[in-house]
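Hi everyone, thanks for coming.

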Amino acid sequence: MSRYLERADYISRLLATQFEAIEDRPVSEIDQSWRRIFAALNSTPTSGFLYSDFDDDDFMLTDSYTLADELTFEKTNSNSMRNCIENARENARQVRFVVGKQIWSLLNATYLDLKEVEIENVWNDEPRRFYLDIGSGIRRLFGVMHGTMYRDHGWHFAQLGRYVERVQLVCSLVQAQFEIKSSRKQDFVQDWYFVLQVCEAGLAFRRVRSGAHYPDKIAAFLISDARLSHSVEYALLLIKQSLDAVSEDQRHATVLEINDGVEQLIKQADGVMLSDGSTSGDVSATLQDILDSARQLSNDIDQAYFNYDVASYLGA
Amino acid sequence: MQEGSLFANYEVNETIYDEMFYDNGNVREHCRRLFKALDGFSPAEIASMQERAERSFLHEGITFAVYGEEGAQERIIPIDFLPRIISAREWAFLEQGLKQRLAALNLFLADIYSACKILSDGVIPTDLVLGCPQYRIQMRGVQSPHGSYVSICGTDMIRTNEGFMVLEDNLRVPSGVSYMLANRQAVKTSLRDIYRKHRVHPIETYGELLRETLAEMAPPGVTDPCIVLMTPGVYNSAFYEHMFLAREMGVELVQGNDMLVHNGIVYMRTTSGLRKVDVIYRRIDDDFIDPLVFREDSILGVPGLFHAHQLGNVTIANAPGTGVADDKSIYTYVPDMVRYYLSEDPILANVETYLCRNREDLEFTLDNLDKLVVKVVGGSGGYGMLVGPHATSSERDAYAKEMRKDPANYIAQPTLALSCSPCLTDDGAAPRHVDLRTFVLQGSTTRLPPGAFCRVALKEGSLVVNSSQGGGGKDMWVLAK
């Protein structure tokens, strides 16, 4: 459940930021930004990229309309925001007996609200406000979960889902940004600020950094600063905390391997940033490593705690 | 009744028992306070409370699914906001009768799956029981803790001018209790002052009572049993209720693939490994419990589960094979069961029933189709039923043709004038037909939560109260004194 919600929240922030850009950024930048969004979500638009004529604003808006629809409402896109919320609701339905009434009602209300809306309504109203509202709704839901859920395995697996997803999403976004080749320095800096904004990190970054904001510094901040709730390291630390809790009463080899693996990832993430805020080594390669490991981690957790071989428990 | 008030247009039908009014239009004693309080509201005020409650049902997902309706997977059961009141004296009578009835039904089940004395003594025709599709030969010799084969019984009651009568017993997987509790919560919240003044028996501890009952059903020697609720899954029409009850009891909600049987012991998968299961409150039909014993194509069940039950290592509640006792033909004999096993006169009457397997009854039924309600013996939910007076002659002809093909598959009952209770309509309060489903729990002791799911036929003149057929629900208040 929380994994899908994390993804929906992330998409809402990607799109809110994008719609802010649409208001005043050059067409070429917006086009670039759509590419980054799809790359960050590890997907491509169903229709392929519609290469816009950079001098034609109407053409660009048509593209944006279609692409926003695809990421928000498209039924065939498993990563669309509506599908994510529907999937979260389906998951929650299966475990409703441990999910409080308040959590369910909030999630269900978000689902029902979204069910009634189409891209046309969003487009003709205030798109940015729409995405911000959806994001706020999801974060309110996380807040209620945090404030009401009993800290048993149910809670910790919800945390694991959420933060494993976060690691993957942030790594993918930063990685996508590395791959973008901006032609002008000005755009380059702007692009990195887009990434900070999506990660709710703009304010924090301005507070802790001074001088020139080299891309590597921003990347290092997003990966290694454990005080930033959307950093990779922060998410990994919470993953470790929850893994420690769920593995408390079963210290068999598979579980220990998973826990060790996460400790390694934390060290890896931590090692990206040097004491002066600059980066060490090949950041992109490290990111890819962490991303691959995070994907594997999902499968390993599933095998260790859900789809395990019962023979070992039956002594067969 | 004042103009513009809720009851301004209420018309009492003298021939039908009205839960709130006497024939002459005077308010029954135990309803006077409620009548006075409700009449202070305008229909619009009550309608607004009702709408709010229904919206909250939708948001909370207090829904059910109607099979075969595309796009209508989740529907709420409409709530009528005007409570029905049962006096303390009436409830005491019902309680006595319902407990007596369940005791007899459990003795009957214990008997037909062991010595079959009631059959050899000729009280009930042997072929009716042993030939019933719900009779599970595999249950022969299987004992249930405390002799309780039916731990949760949903009995549908109606009231006519002749008094209360049992319409049917639901002994397999009776549902509706979550709606009883949801309706209470909604009405209590909106009409809190009125509710408070009425000294209504609370029903909110149902989950606790159910858990205690199921704990009593644990195999001998198990002191702190692991109880689970087994559901067919999210697509089942009553999934909301399964989830709700698991939450109220604080037990795990499991599906077949969450459990396994090893050496006759049932385990469930948990995130901490396997855990032994002692009691399964199953909300899944017999056919699907165990593919090794019942339907082999069942993917909802657990292979070996029935064997574990036979060994007494786990208790399945309600036990498989209880459906034989709620078969509509065998229903006719429940008063005889009471006399036979308890040597008492039945407190609650049955509705007069014609068994079409008997030639005379069949002829009578066919001759009087326009006056009778005919039901399929193994049917439920109002499906396959003919309400003679409301059917067209071609519908009756088609139904009669089907009946002649397999008469034993049908029973007939007179079209009863179910009692009416005030319900909110566009013209203010108006009488609508109601019944009630009580929930009796039997472990080592018998418990009857003081409330019921009161079902209401929302369409004017309709006698069909089933939620799957457009019926709704209303809160029922059992007064403490």
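This is a predicted model: local features need pLDDT of at least 70, side-chain atom pairs count only at pLDDT 80 or more; totals for chains, interfaces and linings use all residues.

Let's begin with the makeup of chain A. Its secondary structure comes to 15 helices and zero strands. Of its 316 residues, 42% are buried. If you take the contacts in chain A with a separation of 6 or more, 70% of them are between residues 24 or more positions apart.

Now, how is chain A divided? There is a domain 1, covering 1–149, and a domain 2, covering 181–316. Where these two touch, five residues come from domain 1 of chain A and four residues from domain 2 of chain A. On the domain 1 side, helix H1 (2–24) and H2 of chain A each supply at least two residues. H1(A) gives the most to that side, with three residues. Sorted by class, the domain 1 side has one nonpolar, two polar and two charged residues.

Helix H12 of chain A, residues 232–246, has 15 residues and reaches 21 Å from its first C-alpha to its last, close to the 21 Å expected at 1.5 Å a residue. Which residues of H12(A) are buried? They are A:Val232, A:Glu233, A:Tyr234, A:Ala235, A:Leu236, A:Ile239, A:Ser242, A:Leu243 and A:Val246. As for what covers them, the elements include H8, helix H11 (215–224), helix H13 (253–270) and helix H14 (283–305) of chain A.

Two loop residues in chain A are worth a stop on the backbone. A:Asn42 sits in the loop between helix H2 (27–40) and helix H3 (57–72) of chain A. Its phi is near 55°, a positive value in a residue other than glycine. Is A:Asn42 buried or partly exposed? With 14 other C-beta atoms within 10 Å, A:Asn42 is partly exposed. The second residue is A:Glu200, in the loop between helix H9 (185–198) and helix H10 (202–208) of chain A. A:Glu200 is not a glycine either, and has a positive phi of about 50°. A:Glu200 has 15 C-beta neighbours inside 10 Å, so it counts as partly exposed.

On to the place where chain A touches chain B. How many residues does each chain bring to the contact? Chain A brings 20 residues and chain B brings 14 residues. On the chain A side, the elements giving two or more residues are helix H4 (81–94), helix H5 (101–115), helix H8 (153–179) and helix H15 (311–314). H5(A) gives the most to this side, with six residues. By class, the chain A side has 11 nonpolar, five polar and four charged residues.

As a quick reminder, strands of a sheet pair through backbone hydrogen bonds, either parallel or antiparallel. In chain B, three strands form an open sheet in the order E8-E9-E10, with antiparallel pairing. Strand E8 (259–262) and strand E10 (273–276) of chain B are at the edges with a single partner strand each, so one side of each has no neighbour in the sheet. On average, neighbouring strands of this sheet are turned by 40° against each other, direction ignored.

Within that sheet, strand E9 of chain B, residues 265–270, is joined to E10(B) by four bridges. B:Arg269 has B:Leu274 as its bridge partner, and B:Tyr267 is partnered with B:Lys276. E9(B) and E10(B) form a hairpin, with two residues between them.

There is another hairpin in chain B, where two residues join E4(B) to E5(B). Strand E4 (residues 152–160) and strand E5 (residues 163–170) of chain B pair in the antiparallel sense over seven bridges. Here B:Asp156 stands opposite B:Glu168 in E5(B). E5(B) also runs parallel to strand E13 (residues 349–350) of chain B, joined to it by two bridges. In that pairing, B:Met165 has B:Ala349 as its bridge partner.

Last stop: a cis peptide bond joins B:Ala317 and B:Asn318, with omega at about -10°. B:Asn318 lies in the loop between strand E12 (315–317) and helix H11 (334–342) of chain B.

That's my tour, and I'm happy to go back to any part of it.

Terms used: Residues are numbered from 1 along each chain as its sequence is written. Chains are lettered from A and ligands numbered from 1 in the order in which they are written. A residue is buried if 20 or more other C-beta atoms lie within 10 Å of its own, exposed if 12 or fewer, and partly exposed in between; C-beta atoms are placed from the backbone. Two residues are in contact if their C-beta atoms, placed from the backbone, lie within 7 Å. Ala, Val, Leu, Ile, Met, Phe, Trp, Tyr, Cys and Pro count as nonpolar, Asp, Glu, Lys and Arg as charged, and the others, Gly among them, as polar. Two strands pair if DSSP finds at least two bridges between them. Axes are lines fitted to C-alpha atoms, for helices over the stretch in contact, and angles run from 0 to 180 degrees between N-to-C directions. Domain bounds come from an automatic or database domain assignment. The expected span of a helix is 1.5 Å times one less than its number of residues.
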